[in-house]
Amino acid sequence: MTRIGIRADANEVIATGHVMRCLSIADALRKMGEEPLFITADDFPKAWIEQRGYSCTSLQSDWKHMDGELERLEQAIKGYGIKVLLVDSYFATKTYFEMLHDRVKTIYIDDLGKEAFNVDAVICYAGYYRELTLEEKYSSQVKSLLGMDYTPLRTVFSELPSKKILPEIKELIVLSGGTDKYGFLEAFSKALLKKPLLEKVETVHIICGRYYGKYHELTQEFQGIEKLQFHKGVNDIEKYMLSADAAISAAGVTSYELCAVGVPSIIYTMADNQLRNAMFFHESGLMEYAGDLRYDPVLERILELLEGKYQRREYRRKASEAMKYAVDGKGVWRIAQLLREIK
């Protein structure tokens, strides 16, 4: 029997972000003495979740049409004795939450703010949360955890040493999320080979996501270029971030991790749900936004920034300090405490 359930999905379409942040919350819960159960639509993320040491049951449902799983979800809630359910999906509906609310305490991670749902608590850690007017949409009886104090990063991000800002960029880290749908990692690697910048740096760590499908081809293509180091499904990304002098990343959950470490970063987007994040970080002066892979000359802008203002140590130092101030890395503990104590 378990008290806390976590409903989230990951696949080649929606990538890994939802499950990643829920695993971070699960880690904090475990350290507080709880053993949460993951509930997924299908078996796609099951092996990954179980590798992290958590039980996972799949509903064999359609992750895009969650109302169709309600009967099976209700059976899981009863069968496992779940009293509190954390839901992290953009496809949950008003009908979905109406059913859940009568059977279990429900907490929703709401990045979109399209409408208010019948839940007991709502979490929005996005820096742009005020734009969503969640406090106005949700009843005062709904517990609200709003702002970057509630960013659900892995517990290790609350225990990191200070970031060192070196005079020059010697080490780069390049990330693209779970799937790299638009082939950014290969394109960036090719573009970097043509730039004098490659002569200045010592190492470029290219981090491929768990569901990146062309890892073998990528490593073969750049075989023999020692400065380009390729990695896939990295579990200790914080180590690469701590040693990096600058980072290139998609503007998803990883951008908050980079803040917690204090890595001067350039971000780009490749999906609509990343745009608000990117604009918030850019307009707040925390990171530079290089554009959207679908429409903009992102590569050119990134290389221009790396060869320009990011060469200035003072610029990188100020950015690093502001990033660490914005995200303290302890949000996951605050969320776990809510899940344990909600009545």
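Colleague: What makes R30 partly exposed?

Modeller: R30 has a relative accessible area of 29%. Buried means under 20%, exposed over 50%, and partly exposed lies in between, with a 1.4 Å probe and protein chains only. A value of 29% therefore puts R30 in the partly exposed class. Do keep in mind that this is a predicted model, where local features need pLDDT of at least 70, side-chain atom pairs count only at pLDDT 80 or more, and totals for chains, interfaces and linings use all residues. Residues are numbered from 1 along each chain as its sequence is written, and side-chain values use heavy atoms, leaving out hydrogens and water.

Colleague: Why is the contact of E35 and R30 called a salt bridge?

Modeller: The term asks for a side-chain nitrogen of Lys or Arg within 4 Å of a carboxyl oxygen of Asp or Glu. For E35 and R30 the N to O distance is 2.9 Å, so the pair qualifies. E35 is partly exposed as well, at 44% relative accessibility.

Colleague: And how do you know that K64 and D62 form a salt bridge?

Modeller: By the same test: their N to O distance is 3.4 Å, which is within the 4 Å limit, so they count. K64 has 40% relative accessibility and D62 has 30%, so both fall in the partly exposed range.

Colleague: How are R317 and E314 placed in helix α13?

Modeller: They sit three residues apart in helix α13 (residues 313-326), which means a separation of about one helical turn. Helices here are DSSP runs of H or I with at least four residues, numbered from the N terminus. The closest N and O atoms of R317 and E314 are 2.4 Å apart, so this is a salt bridge too.

Colleague: How many salt bridges are there in the whole structure?

Modeller: The search finds 27. Among the residues involved, E288, R301, E304 and K309 are linked in a network.

Colleague: Turning to the cysteines, how many disulfides are there?

Modeller: Zero, by the rule that a pair of cysteine sulfur atoms must lie within 2.5 Å. C22 is in no disulfide, and its nearest cysteine sulfur, that of C56, is 11 Å away.

Colleague: Are C22 and C56 buried or exposed?

Modeller: C22 has a relative accessible area of 0% and C56 is at 8%. Both values are under 20%, so both residues are buried.

Definitions and conventions
Helices (H or I, at least four residues) and strands (E, at least two) are DSSP runs, numbered from the N terminus.
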